[in-house]
Amino acid sequence: MISYEEALQTFEPVIGLEVHVELGTVSKMFCGCATEFGAEPNSQVCPTCLGLPGSLPVLNGAAVESAMRIGLALGCSIAEWCRFARKNYFYPDMPKNFQTSQYDEPIAYEGAVDVEVDAGTVTVGIERAHMEEDTGKSLHVGGATGRIHGASHSLVDYNRAGIPLIEIVTKPVTGADARAPEVARAYVGQLRELLLALGVSDVRMEQGSLRCDANVSLRPRGSDVLGTRTETKNVNSLRSIERAVRHEICRQAEVLLAGERVVQETRHWHEDTGVTTSGREKSDAEDYRYFPEPDLVPVAPSREWVDRLRATLPEPPHARRARLQQAWEFSDLEMRDVVGAGALELVDKTIEAGAAPQAARKWWLTELARRARADGVELVELPITPGQVAELQALVDAGRVNDKLARQVLEGVLAGEGSPEQVVAARGLEVVSDDGALGAAVDRAIASNPDVAAKIRDGKVAAAGALIGAVMKELRGQADAGRVRELVLQRLG
Amino acid sequence: MTPLSPADVTTMSASALADALVAGDVSSAEATGAYLDRIAAVDGAVHAFLHVDADGALATAAEVDRRRAAGADLHPLAGVPLAVKDVVATQGLPTTAGSRLLQGWVPPYDATIVARIRAAGLPVLGKTNMDEFAMGSSTEHSAYGPTHNPWDLDRIPGGSGGGSAAAVAAFEAPLAIGTDTGGSIRQPAAITGTVGVKPTYGGVSRYGLIALASSLDQAGPVTRTVLDAALLHELIGGHDRLDSTSINAPTPAVVAAAHRADVAGMRIGVVRELGGEGYQPGVRARFDEALALLTGAGAEVVEVSCPHFEYALAAYYLILPSEASSNLARFDAMRYGLRVWPEGKPEASAEDVMLATRAAGFGDEAKRRIILGTYALSSGYYDAYYGSAQKVRTLIARDFEQAFTHADVLVSPTAPTTAFRLGEKLDDPLAMYLNDIATIPANLAGVPGISLPSGLADEDGLPAGFQALAPATHDDRLYRVGATLEALLADRWGGPLLDRAPVLTGEVLA
Amino acid sequence: MAHLARLARIDLSDAELDHLAPQLAVIVESVAKVSEVADDDVPPTSHPLPVTNVFRDDIVVPGLTAEEALSGAPDVDRRRFSVPRILGEEQ
C-alpha cells in the first residue's frame, strides 16, 4: 500500500466520528432491569427489554438528564421538545426488530469542542447527541473463530438490550489534514475525559461502554466537495482509532489513485492485522422506516430544568487544564504529555490523594505508561488506583522504600497483591533503616575491601560507590543508598 | 325465596350477580360453575373462546368464597367471573392474539388490567377469540376459526373482539375485556346486542395488550348492561406507571354517572357525516327512535358537522398499518412463538427462518396490512401517506373540539349495518373496512365512546347499535347517556334486548 | 410489492403476490385521499393526548428469571436464545 505521506500529497482527508456511550445508570433506558456488566446470560431482562408481546417502554429520567448534561458539556443546544422514533430493521439481537432511538429530533444539537493536539487546537463541530438503546449480544457457535462467518448458529443474550446509549455525532472535520488520525484519537480521548468528569459513564472501551465508528473520506487537494465515505466500526481503543483512520486514508488513496471509486460501505477494523475489511454495503435497500415512537411521550425539558443541569456541569476542560497546569507548575510540554496520555484525571486524583504534582506525573507517565503500553491497555484500565499511587509515593517520601523497591511494590500492586503497604509487608520490601544493622554491613564491606577503603581515606570519595554497591548487594537492595553513603564517609572521612 | 338456578345466574347482570354474591344467595364457585357449564353447552356452536381455564377460574372463585366467609373486605365485583380477549397477556394462560404465530405461547407476565382483575378476585373464565392481532371487523381473520353471532350462527359477531361480545351475548360470561383500535369493542357490541365502551386513550393501561396500533389501541369493558360496563371500567381504569401514555389522574366517576342515568339539559350532537348514505334503513330507524327517547328525557338534540371525518377511514388505514408493521416485527421466530424452517434448507439463516415463519404464521389480512404499513413508512412515501395521515388526525381532533363546543356528547349509529353473513366480505377488504366508518374517528382523536343496543333492524331482526362519544377524560358522560337510553328502551321493550335472542343449539341439547 | 414483502420479512409466494397486489392497489388508491387536506400549515399528530415528560426513576426493579425469559423460546442453548446462523455483519 502507498505511504501516508504519498496519500496526503494528492488528497485531503475529511473525518467524522460517531461515538456510542453506554450510560452508567443502574437501570436500563426503558425498564427497571439492572445494567451490571458480566451477569449470567438473560438474567437482567424483563418483558420490555425482551420485546415480549404487550410490553411497553417507560423512559429513564436519569438517562435523559445524562444526555442533556453531555449535550450541554459539548456546547450543544437542548431541544425544547423532542420525540423518540422507531428505527425499523430486522436483526436477531434486537428484541422488537426496531430500535427505539431519536431520528430528526435529537435531545442535543449544534455544539463544538476544542481538541488539543501536538501542534495546537482543532475545533470539532458536534452535529447532535441523541438517546437510544443498546442491542443484545450474540455468541456465534460452530465457526472457527467465534466470528459471525461460518457459524452454524448463534446464541443471544439480551442482558445488554435496552442499556441506555448516547450517540454523539461530529460534523465532518475538515482542515485537520495530516493530523486527522491524531485529531480523531485526541477527540475521542478528550470526549472520554469529559464523560468521566461528568460521571455519566465508566467509558471502558474494552467492555464496549464507549464504542467508536470512524468515517473517513478523501477529496482531491483544493476541492471543497466531500468524497465518498466509509464507516469503520469495531475501533475499540484510542490507539486503534488513530491507526484505523490512518489506514483508511492510505487505502482509499490507493483505490482512488488506481482510478477506482471508493465504495460507500461499513468496514471492520482488525486490531491484529491493522487493516480494515469490507462489511455490508450501504444501499437504498436499507430503509429504516423511521416514525415517531407512539409508546413514549415527547420529552420537553423546561428552561429551569436545563439551567439546573447546566449548573451541575464540571469546569470546562480547557479552563480546568489551565487552572491545574498553573497549580501544579507544569511546563506546557509536561501538561500536554499528561493530557495526551489520557492521564489528567489520574494525575489529579493522585495529587488529591497527597502526592506531589511532579511525583504523580512521573509515576503515570513513566512506569505506569510503560506498563500500559506493554499490556496494550489504557492507563485508566490498569489495576491500580490514584490513591494507591499516592500511597506508594508517600512510602518513597518517608524513605521507607527506595526507587528500586518502589518499582517492585508497584509490580505487586498491579499483580493484585493489595495496597502498597500490604505489598511491602508481604514481600518484605522495606529498606533497612536501622543504623545498627546498616553500620554493621558497612563495617563488613570496609573490612572485605581494604584497598577501596584506603583510597577513600586518601580523599578519593568517588570510590565510595564500590562500597555502597557491596552494602546494597548484601542487603538485597533494601537500603537507602544515601544513608549508606553517609555511613561510609563517616567511618572513612 | 327460591334458590337461584344456573340459568338465573347466567342471565342476570354482573352487578346483580355481585349483589347476590354479597347477599350470599349464590357463591362464586356456583356462579363460576354455572358459566363454565354454559360455555361447555353452547361454545361448540358459538366458538367465543380460544381457551377455557376451568380449574383456574374455580380456584379463584373458591378463594373469594373463603375470604368472603372470613369477613374479608372484597372488591364489589369479587367473585364475578369474566372473559379476557386473547390479545391481553395472562401469566400462565395461553395468549395467541388469534394468530398461528403465537400458538401455545404462555406469557411469563400479566397485563396490568389482568393484574387488577386478579387482585380484585374476578375468576378468569378463559380467553376469547378475535381477528388475528385484532385486525378485522368480523373475527373471521382468527387463525382458529371464526366466532358465530349468537343471534344468527351463520353471521359474524363483529370484530376484532367478536369473541368477547359473543361470549357476553350468549351468556357465557357476564363481563369481558375487549380492545378497541378502530371499533373492535363498539362494533361487535352493536352487532351482538351488547354494551361496549372504549375509554379515553390513556384511561386504561395498555401494558400487556399485544399492540396493534399503539397510538389507537385502548382496552375497555364488554358487558350486557351500561352499569356493568361502568363497574368494570372503574376496576381496570386509572394510572399505570408501566404505560407512558397512561393518564395520571383518577378515572372519571363512571359508576356514579351510570347510576345517575339522567340527560336533562344535556346537549346531544348528531354528527351529520355519520349516518347518511350507506347506513341500513333499520339501523337508521332505531337510531332515530333512540334520539326521540333522549329528547323526551330532556336532552337537547343538535346537529353538528365534522367535515374531516370523511378522511378518517383513509387516515386510519395508513396509521394503523404503519404502526402495526412495526409492532408485529417482533414475531420473528427468534425468542418466542412459531419457528418455521424453509423447506429443503437445513442450512437456513436467521433471515430465511424469519421470512418463512412470517409467511406461514400471518394470515392474509395481517399480510395486507403489514405490507401496506411498510409501504406507507418507506422513504419517499412517508410524507404523502403516513405524514398526511397524521395531519388528518389533527384535523379530526379539531373537528371534535369544534363539535364539543356545541354538544356535550356526539352520537351516531355504531355500525352502518347489522351482522353480515360469514364469508360475505372476506376477500373484499375495502368493504370490510367500511364497518368501522363511525367508530374510527374516536380512536384517531383519543376520545371515549360507548355502544349500546338500539333495537333490532326491521329488515333482518338483527341488533343495531347506538354510539355516543364524549370529549377526552369525560367518559362519565357516556354512561349518563347510555344508562338513560338503556332504561328507556328496556321500558319500551319490556326487558333487555338479549331476552329476544334465539335459543342456542347447545341449550336445546342440554 | 416483492421488495416491500422482503423489507417486512414475509416470504410471499407468486400466487400470494398475485392475490394481494390488486387488493393493495385498491386500498392504496383509496387511502391516498389523505393528501387532499394535508396542507403545510396543519401540524401532524403522533400522540392523541398532549402529554409530555413521563419518566421513571433510575432504580432496579426485579424482572424475569432466565428460566422465565427463555420459557417461550423455540430453542435454548447455554441459557441463551439459540437462533439460526446470522448472515451479514455484526451490528
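Me: How confident is the predictor in the complex and in chain C?

Reply: The complex receives an ipTM of 0.96 and a pTM of 0.87 from the predictor. Chain C has an average pLDDT of 92, and 96% of the residues score at least 70. Where pLDDT is low, predicted coordinates should not be read in detail.

Me: What makes chain C more spread out than a compact globule?

Reply: The globule rule gives 12 Å for 91 residues, whereas the radius of gyration of chain C is 22 Å; the value is well over the rule, so chain C is more spread out than a compact globule. Along its principal axes, the C-alpha trace of chain C spans about 55 × 45 × 25 Å. Of the 91 residues of chain C, 29% count as buried. Three helices and three strands form the secondary structure of chain C, in the order α-α-β-α-β-β along the sequence.

Me: Which residues does Ala73(C) touch, not counting residues up to four places away in sequence?

Reply: Ala73(C) touches Arg335(B), Tyr336(B) and Phe81(C). Ala73(C) and Val83(C) are 10 residues apart in sequence, and their C-alpha atoms are 9.5 Å apart in space.

Me: How many residues of chain B and chain C are in contact?

Reply: The contact involves 57 residues of chain B and 43 residues of chain C. On the side of chain C that touches chain B, α1 (2-7), α2 (14-31) and β3 (80-84) each supply at least two residues. The most comes from α2(C), with seven residues. By type, the residues on this side of chain C are 29 nonpolar, eight polar and six charged.

Me: What kinds of residues make up the side of chain A that touches chain B?

Reply: Chain A contributes 25 residues to this contact and chain B contributes 32 residues. The residues on the side of chain A are 16 nonpolar, four polar and five charged.

Me: Why are the buried residues of α11(A) said to line one face of the helix?

Reply: The buried residues of α11(A) are Leu405(A), Ala406(A), Val409(A), Leu410(A), Gly412(A) and Val413(A). Down the helix axis of α11(A), they fall within an arc of 160°, so they line one face. In general, an α-helix has 3.6 residues a turn, so residues three or four places apart point the same way. The buried residues of α11(A) pack against α9 (357-375), α10 (386-397) and α12 (420-427) of chain A. Just after α11(A), Gly416(A) has a positive phi of about 85°.

Me: Which residues of helix α5 of chain B are buried, and against what do they pack?

Reply: In α5(B), residues 112-119, the buried residues are Thr112(B), Ile113(B), Val114(B) and Ile117(B). They pack against several elements of chain B, including β2 (82-85), β3 (124-128) and α8 (226-236). Just after α5(B), Gly121(B) takes a positive phi of about 80°.

Technical notes
Residues numbered from 1 in each chain as written. Chains lettered and ligands numbered in written order. Predicted model: local features only at pLDDT ≥ 70, side-chain atom pairs only at ≥ 80, totals over all residues. Contact = placed C-beta atoms within 7 Å. Nonpolar A, V, L, I, M, F, W, Y, C, P; charged D, E, K, R; others polar. Buried ≥ 20, exposed ≤ 12 C-beta atoms within 10 Å, placed from the backbone. Helix = DSSP H or I, 4+ residues; strand = E, 2+ residues; numbered from the N terminus. Arc of directions from axis to C-beta. Rg over C-alpha atoms; globule rule 2.2 N^0.38 Å. pLDDT = per-residue confidence, 0-100.
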